[in-house]
Amino acid sequence: MNGYGLAEQYSGISNQRRGTKVMDSALIPNGVRRCSLDKFLVALAVVGAVLLWGVYAMLLCWFKGLNQTNMNDNYGFALWIWADLAVIALGGGAFFTGFLKYIIAKDELKNIINYAVLIGFICYSSALLILAIDIGQPLRGWFIFWHANVHSMLTEVAFCLSCYFMVLTIEYIPLILENRQIDRVPFFHHLSHNMHSTMAVFAATGAFLSFFHQGSLGGVAGVLFGRPFAYREGLFIWPWTFFLFTWSAAAYGPCFTLMVTRITEAISGKKLVKDNVVELLAKISGWMMTTYIIAKIIDTFYWANVTAPSKGFNLIDFYSNNGFYGIWILVLEIVLGGIVPAAILITDKGRKSPIARNTAFVLAVIGVSVNRWVMVLQVMAVPIMTFDTWALYFPSWQEVATTILPVAYGIMLIMISYRYLPIFPQEAELNPAD
Amino acid sequence: MKQEHGGVVTQKYGMVVDLDLCTGCGSCMVACMAENNVPFREDETDKLKSITWMRVYKLTNGKHYPETDICYLPRPCQHCEGSHGHSPCVSVCPATATDYDNQTGIVSQIYTRCFGCRYCMGACPYHARYFNWYDPIWPEGMERYLNPNVSPRMRGVVEKCSFCFHRYQAAKDKAHLDGQKEIDEDAYQTACTQACPAGAITFGDLDNPNHAVHELKKQPDTFRLLEKLGTNTKVYYVSSREWVRRAGDNYLKTEGLKKAVL
């Protein structure tokens with residue numbers, strides 16, 4: 001059984017039954033309905049136009065250099081690094097859902113694991129693309145592997161990120177092979193079957209790699225002992241941010257998977273995943289978030305009262321005397337983006353209410369994104385020398401376009417995958433043909 | 001004292017800058033740019049994109065006339081030693097494009113290996129590292145005045161003060177040819193040191209008792225920038241004014257001024 005047996009029971013082509021046969025119906029999974037090819041192509045073209053805008057900006061950055069951005073010598077790390085950290089945290093749903101499904105044996109999650117993998121694949125490929133734009137000498141990008149400095153957190157990020165992207169690709173391939181026409185080829189059919197049967201190994205590898213690169217991304221900021229806003233003590237060579245980033249990616253990543261699932265349901269006008277599956281993942285995410293936010297509060301308390309004062313800073317120094325970063329951002333991250341969604345998702349009532357649940361997903365996504373923002377941009381903004389000043393920055397249109405580029409690419413890949421691949425095993429059952 | 005490191009005599013080059021002597025004339029900045037082929041653009045109004053290996057900051061005591069006071073503070077790369085060469089920027093570079101030289105105590109930058117990730121810039125609390133946002137283009141004819149001993153840098157890489165390392169290499173070669181084991185104090189001096197008309201900058205081997213900096217750094221009014229961070233810099237500053245010394249680091253309101261760690 002390859003996990004899509006249910007869909008196979010609906011061997012009739014629903015689009016044909018409804019008298020709305022589409023030109024590419026031979027490619028569409030059995031038993032599900034899709035919009036007309038024309039409508040699909042128009043939507044694809046609209047998103048494609050946004051993607052082309054991003055590609056144009058990307059080419060400008062590659063050919064003319066990073067002077068196309070509003071980064072400067074105070075802001076060597078800016079919007080792109082935040083986007084990298086954010087999409088990798090949000091893509092954490094892939095490794096954690098895989099871990100729960102294959103290692104902890106939460107079998108119900110087989111109904112959402114495909115989408116989690118697809119979203120993870122998009123997030124990680126986006127991160128790699130953004131990194132390729134962000135470096136000053138893109139043709140030397142391979143130096144990070146060739147001249148690797150084993151003491152650098154960024155080296156660990158590069159290695160683990162690349163390896164995990166390969167794992168995600170291996171996890172995504174069987175899904176592509178499930179396409180109706182590809183599956184008809186015996187070799188691909190058996191390849192897909194065999195890959196599915198060994199997927200637990202890749203899920204375990206993915207969880208292992210993710211632990212390190214999510215952590216290393218936290219370490220990128222945490223090891224900066226020249227930046228008191230970012231610096232944290234830790235365990236052996238790992239600052240506390242190492243563990244906090246891994247924990248938060250596992251906690252918040254599934255919320256992003258669930259949020260995107262809900263958006264897909266809203267756009268397609270169909271229920272795609274049963275509530276018990278959503279509620280299970282939401283419950284686990286909620287408890288993970290609860291434990292994370294407790295650890296985060298302890299970390300913040302220790303940093304504010306011990307670490308920062310030992311460097312000559314009071315907490316309020318990081319949140320005053322500038323036009324943007326106030327204490328509100330700490331409240332937004334920890335209270336609105338952490339405590340509130342966690343409180344909603346750990347209660348049965350909160351999980352069962354679609355409005356409360358979806359609100360929690362959105363708040364969680366905002367919360368983890370704000371955490372990554374402050375750990376990149378606020379780190380750069382805070383003055384350290386007493387005669388220095390706050391440095392605020394606003395991204396150029398090229399930076400914005402290249403950050404939207406992967407979003408457009410992700411939407412297109414989801415559109416194509418949803419149309420032609422059996423992403424949601426419960427779709428046919430939840431939306432029976434007329 | 002000089003130390004033996006792997007059988008080789010090592011130095012720890014550093015500076016002592018007397019802030020009471022500095023007039024803020026900027027000669028050190030100009031000399032540095034000329035010596036090290038530092039690129040510039042026609043429009044340098046955006047100082048956050050200007051490359052100034054040596055930058056002179058203007059500090060004020062924040063008081064009104066007649067108590068107002070100012071101080072100019074030249075800031076080259078501080079060549080942090082951190083803990084056992086674990087300087088903030090060296091340890092983070094993913095491609096080993098920057099290194100702490102145990103033989104000289106100088107933090108180097110390998111331009112041809114740097115791929116421009118700018119992590120080192122984020123790690124440096126002194127803003128001593130600069131990114132080449134633009135191609136280095138010299139006014140017509142000026143390329144003939146470039147220093148042949150210093151390679152110009154390309155767009156997309158990070159650069160910073162090297163304590164005029166090419167001068168160290170030349171002095172070392174000369175000492176070798178002259179049959180000397182040690183480099184004389186005068187044989188290796190940075191461009192900024194020589195250009196300072198007030199004699200505010202003194203450069204040499206901090207560990208060598210024959211070099212002036214060895215004693216100068218022990219003056220009672222000495223401090224280093226951001227010592228609390230543990231960067232363990234090799235640029236010492238001297239000022240008789242307490243507010244200037246206090247400006248060298250961040251202090252909690254209730255905290256007293258600390259003495260430099262030698």
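The exercises that follow treat a strand, some backbone angles and a helix residue.

This is a predicted model, in which local features need pLDDT of at least 70 and side-chain atom pairs count only at pLDDT 80 or more, while totals for chains, interfaces and linings use all residues. Residues are numbered from 1 along each chain as its sequence is written, and chains are lettered from A and ligands numbered from 1 in the order in which they are written.

**Exercise 1.** Determine how strand β3 of chain B is enclosed and which strands pair with it.

Solution. Begin with the element itself: helices (H or I, at least four residues) and strands (E, at least two) are DSSP runs, numbered from the N terminus, and β3(B) covers residues 13–18. Next, apply the burial criterion, by which a residue is buried if 20 or more other C-beta atoms lie within 10 Å of its own, exposed if 12 or fewer, and partly exposed in between, with C-beta atoms placed from the backbone. Since 6 of the 6 residues of β3(B) are buried, the strand is largely enclosed by the rest of the structure. Tyr13(B), Met15(B) and Val17(B) point one way, whereas Gly14(B), Val16(B) and Asp18(B) point the other way. Finally, consider pairing, which requires that DSSP finds at least two bridges between two strands: β3(B) runs antiparallel to β10(B) (residues 201–205), with 5 bridges, and parallel to β12(B) (residues 235–238), with 4 bridges. Val17(B) stands opposite Ile201(B) in β10(B) and opposite Tyr237(B) in β12(B).

**Exercise 2.** Describe the backbone at His79(B), at Arg118(B) and between Tyr65(B) and Pro66(B).

Solution. Most residues other than glycine have a negative phi, and most peptide bonds are trans. His79(B), however, has a positive phi of about 45 degrees; it is found in the loop between β5 and α2 of chain B and is buried, with 27 other C-beta atoms within 10 Å. Arg118(B) has a positive phi of about 70 degrees, lies in the loop between β7 and α3 of chain B, and counts as buried with 25 C-beta neighbours inside 10 Å. The bond joining Tyr65(B) and Pro66(B) is cis, with omega about 10 degrees, and Pro66(B) is found in the loop between β4 and β5 of chain B.
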